[in-house]
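Dear colleague,

I am handing over the structure below, and after it you will find what came out of going through it. Please keep it open beside the text as you read.

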Amino acid sequence: MARTEWNHVPEVPIQVSPLWQWPPKPAAALRWYFDSWFFLTINMAIAAISFAAFFWASPTLEAAAQPGWWMLAIWLRNALIVTVLAGVLHLWFHKYAAQGSELKFDPRPFPRQGRVFTMNSQLLDNMIWTIASGVTIWSALECLLWWAMANGYAATITFQSNPVWFIAIFFLIPVWESFYFYWMHRFLHTNAMYRFHALHHRNTDIGPWSGLSMHPVEHAFYFGSVLIHFVIASHPVHIIFHLMFYGLLAITSHTGFEGVLFRNKKRLHLGNFHHQIHHRYFECNYGNLDVPWDILFGSWHDGTDAGKTAMKERLKARSRV
Ligand SMILES: [Zn+2]
Ligand SMILES: [Zn+2]
């Protein structure tokens, strides 16, 4: 793709998880899962933060049986984690430009000013919607599930009672996310719903605070994925991980950079070109790369010029209907 359009173009065409490629590539598929879980990765870090939050900054199930101050403590814990993570990434990549424009997808500087943004500032706009709406709805859903588990409205398991299932749930949440997020995101792009999703799309160029910058209605749908634990017996740490996975991954995947460089080597993979293209062109790449929903349902843009032409053809065909 033309250099003027993007500052950094990774290897294209974009690849989805080898699990879904034909002919079968078992070794590559294993490597994909190994790389996304057992290396120094975002998934691993989110799992570690979730366990720390469970052990050191969560109520007991007994306390959660009644509404109380523990609810405020959950909001404060989540607000603090979000602020530190998005804050540090913003300072590293954008304020102090610690790695310049190395691995930065979009050539335009971030953040911008403009009337489209709350308080005329992209950064303030993103921070306000993230904390006031995002952290609040995330925490409200977490409190609801704590309360439901404490009162027996949602079934619980422990590691001792069900060790295999306890571990499996961590690996299933990202698969569920890939499915749920794709369809919810397409739904938000329908005429009836786009008025809410438009707030997230004020950001054609993105930074870490853009990830959770959404309208409250979108936050309710986005974090509403966690309600599945009313049907699937789980442990409170799964609830924390599920919400952190949605909340923190939105931040790390919207830095505008492919990853963190350290001594000229990419040490940590962050954003995917796939979602960056969605922010530029809107009508493609609704999902992620763990399951190829975009390929299956005709919304794929693989980052090449051919991918862009195919997207334009689809839009033309749609406008003729
Ligand atoms: Zn986005
Ligand atoms: Zn969108």
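His-185 is buried, with a relative accessible area of 2%, where buried means under 20% relative accessible area, exposed means over 50% and partly exposed lies in between, computed with a 1.4 Å probe on protein chains only. His-201 is buried as well, at 4%.

Both residues belong to a metal site: the zinc ion (ligand 2) is coordinated through the NE2 atoms of His-185, His-189, His-197, His-201 and His-278, at 2.1 to 2.2 Å. Donors here are N, O and S atoms within 2.8 Å of the metal (3.2 Å for Na, K and Ca), and as water is not among the atoms, sites may look incomplete. Along the sequence, the donor residues follow the spacing H-x3-H-x7-H-x3-H-x76-H. Because His-185 sits in helix H5 (residues 163-188) and His-201 in the loop between helix H6 (194-197) and helix H7 (216-223), the pair ties together parts that are 16 residues apart in sequence.

Before going further, please note that this is a predicted model, in which local features need pLDDT of at least 70 and side-chain atom pairs count only at pLDDT 80 or more, while totals for chains, interfaces and linings use all residues. Residues are numbered from 1 along each chain as its sequence is written, chains are lettered from A and ligands numbered from 1 in the order in which they are written, and side-chain values use heavy atoms, with hydrogens and water left out.

As for the chain as a whole, its secondary structure comes to 11 helices and two strands, these being DSSP runs numbered from the N terminus (helices H or I, at least four residues; strands E, at least two). From the N terminus on, the order is α-α-α-α-α-α-α-α-β-β-α-α-α. Of the 321 residues, 49% count as buried.

One pair of helices deserves a look: the axes of H3 (residues 69-95) and H4 (residues 122-150) come within 9 Å and cross at roughly 140 degrees, with axes fitted to C-alpha atoms over the stretch in contact and angles running from 0 to 180 degrees between N-to-C directions.

Lastly, Gln-276 is found in helix H9 (residues 273-281) and is buried, with a relative accessible area of 2%. Leaving aside neighbours within four places in sequence, Gln-276 is in contact (heavy atoms within 4.5 Å) with Trp-6, Phe-105, Asp-106, Asp-205, Ile-206 and Gly-256.
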